[in-house]
Amino acid sequence: KEFERKDIKLREDHKFLKQKQKKLEAKVKKAEQNIEKMLSESKRMSKEIPKTQANIETAEKRLAYEKQKMDKILDSHKDELSSHREKLEKVNLELAPWQNQMKEVQADMEVAKAELQLIEQKELGAQERISETEATMKDALQTSEEKKEQISSLKGDLKAKENDLKKAVESSETLEKEYKKLGSQLQSSRGKVEERKAALHSEQNQNQVVKALMSAQKSGHLEGIHGRLGDLGAVDAQYDVAVSTACPGLSHIVVETVTDAQNCVQYLKKLELGRATFLILEKQRALQQRMESSLQVAPPRNSQRLLDLIKMKNPEEHKVAFYFALRDTVVTKTLEEAQKIAYGQKQRWRVVTLQGQVIEMSGTMSGGGKPRKGRILVGSASKLNSNGDDLGRLQKEAEEEFEVISKSFEMIKEKRQSTKKLIGESEKVIDKLQVEIPKAEMEMEAATQQAAESKKVLTELREKVT
């Protein structure tokens, strides 16, 4: 910027000198025109010289002739003229002092006249210079005022643009935070939609098998089928993740006997409906006594037995099936409580947290990733039908949530881009104004200086004239 200011200063000086050069060139041109006029007059007079010389010769001959005539006349009147000459000489003697005095007065008059002409010429030139200087000073003052107004306007524009830029930057920072936040939410929502799609697809496939088997039992082709284990009980929503994670057998199909299971397998194979795992109740009867014994033991402090939390429509038949799948697994609110129970008790316990972290009786721990949920009915035990409708509703809700977040994200994205564009444009305008203001200030300073110099010259010229 320092080089730019110096450049502007040099340009203004160059402009001022160029104006002076133009004035001098105009004077030189006027002088050249006068010289041409005088040369033309000289040529004209040179052409008239021969004619004038001829006239002079003729006049000299005539003068000689007239002189001869005068001499003859004088000779004839010599005596008379002698008398008059004496009188004339006497008068001339008397007039001599007066004639000398008159010559001196005439000489003084000529000198005064020449001085007067010189003064008049100087005054006329001074008046012209005064007029030119006044015009220059007027132009300089007008330029100075115009530049002053321009600087004020430019500074106002600069301040406004700086305020706009500040607001845009603040808005950009807010939008950037919102953009990142919504981006994270969008990614999470997209993952949730995909997860629920996959869960619904898996549930639909499983339900197809269950529905096919239940339909075959209804038509008399099969028998002894109770249904999918996860559909035979329900839990409160807060325990959904814990049960869905700690009980991998919720997708097993519960049947009465081994024969029933074999018949189901053959039926599925025959119709190519897929595969299924069966939980045979007659094979779990041996667990009945162990289950009843275990239920006599209270779970550790700050925990609940998962089996006690499952609401079953037919607990006499299905409780042992759930016990087979869960055994004595207990649930805690936090991982810290789970660790105290799993590692700090004399009796070993399998523990799961509400967040889906599992500590096995062997001491191994599993967790992390996306928690599993929706593999058992949520609510009362009367809702013992397929939870495919719930998964469909959850998927729809996830898709609606994704759409809302996506629209918000796109809106913030557009605002973010437009704000960045506004910042770029404002910065360009500010850079331009920061160059224009010093330039205008230098131009105003140059005009003010020129006006001051013109005023000083004008004062000197007026003093000389007066």
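Guide: Let us start with D260, which is found in helix α4. Please keep in mind throughout that this is a predicted model.

Visitor: Is D260 buried or exposed, and which side chain of opposite charge is nearest?

Guide: The general idea is that side chains of opposite charge can pair when their charged atoms come close. In this case D260 is buried and yet has no salt bridge, the nearest side chain of opposite charge being that of R285, 9.1 Å away.

Visitor: What does D260 touch, not counting residues up to four places away in sequence?

Guide: With those sequence neighbours left aside, D260 touches E223, G224 and V255.

Visitor: How should I read the sheet made of β1, β3 and β4?

Guide: Begin with the strand order, which in this open sheet of three strands is β1-β3-β4, with mixed pairing. The edges are formed by β1 (225–228) and β4 (278–280), and because each has a single partner strand, one side of each is left without a neighbour in the sheet. Neighbouring strands are turned against each other by 25 degrees on average, when direction is ignored.

Visitor: How many bridges join β1 to β3, and which residue is the bridge partner of G227?

Guide: Three bridges join β1 to β3 (residues 253–255), and these two strands run antiparallel; the partner of G227 in β3 is V254. Helix α4 (residues 258–271), where we began, packs on this sheet and touches β1, β3 and β4, its direction making about 165 degrees with that of β4.

Visitor: What is the order of strands in the open sheet that contains β2?

Guide: That open sheet also has three strands, in the order β6-β2-β11, and its pairing is mixed. The edge strands are β6 (311–312) and β11 (377–378), each of which pairs on one side only. Strand β2 (residues 233–235) pairs with β6 in the antiparallel sense over two bridges, and the bridge partner of G233 in β6 is M312.

Visitor: Let us move on to the nonpolar cores. How many residues does the largest one have?

Guide: The general idea is that in soluble globular proteins nonpolar side chains tend to be buried together. Here the largest nonpolar core has 29 residues, and those with the most contacts inside it are L229, V243, L306 and F322. Helices α3 (240–246), α5 (287–295), α6 (306–309) and α7 (315–326) each supply at least two residues of this core, and the largest share, six residues, comes from α7. Taking L306 as a case, and not counting residues up to four places away in sequence, we find that L306 touches A242, V243, A246, L326, T329, V330, V331 and V352. Apart from this core lies another, of 13 residues, which includes L213, I225, I253 and V255.

Visitor: How many salt bridges does a search of the whole structure find?

Guide: The search finds 11, and a few of them show how the setting can be read. In helix α1 (residues 2–76), E66 and R62 lie four residues apart, about one turn of the helix, and their side chains meet in a salt bridge of 3.9 Å, N to O. Of these two, E66 is partly exposed, with a relative accessible area of 32%, whereas R62 counts as exposed at 57%. The side chains of R228 and D231 meet in a salt bridge of 2.8 Å, N to O, and both of these residues are buried.

Visitor: Which parts does the salt bridge between K311 and D236 tie together?

Guide: The closest N and O atoms of K311 and D236 are 2.7 Å apart. Since K311 lies in strand β6 and D236 in the loop between β2 and α3, the pair ties together parts that are 75 residues apart in sequence. K311 counts as partly exposed at 33% relative accessibility, and D236 is partly exposed as well, at 34%. Finally, R305, D308 and D328 are linked in a network of salt bridges.

Visitor: And for the protein as a whole, how many helices and strands are there?

Guide: The secondary structure comes to nine helices and 11 strands, and 28% of the 466 residues count as buried. Among contacts between residues at least 6 apart in sequence, 73% join residues at least 24 apart.

Technical notes. Residues are numbered from 1 along each chain as its sequence is written. This is a predicted model: local features need pLDDT of at least 70, side-chain atom pairs count only at pLDDT 80 or more; totals for chains, interfaces and linings use all residues. Side-chain values use heavy atoms; hydrogens and water are left out. A nonpolar core is a set of buried Ala, Val, Leu, Ile, Met, Phe, Trp, Tyr and Cys residues joined through side-chain atoms within 4.5 Å. Buried means under 20% relative accessible area, exposed over 50%, partly exposed in between (1.4 Å probe, protein chains only). Contact means heavy atoms within 4.5 Å. Two strands pair if DSSP finds at least two bridges between them. Axes are lines fitted to C-alpha atoms, for helices over the stretch in contact, and angles run from 0 to 180 degrees between N-to-C directions. Lys and Arg count as positive and Asp and Glu as negative; His and the chain ends are not counted. A salt bridge is a side-chain nitrogen of Lys or Arg within 4 Å of a carboxyl oxygen of Asp or Glu.
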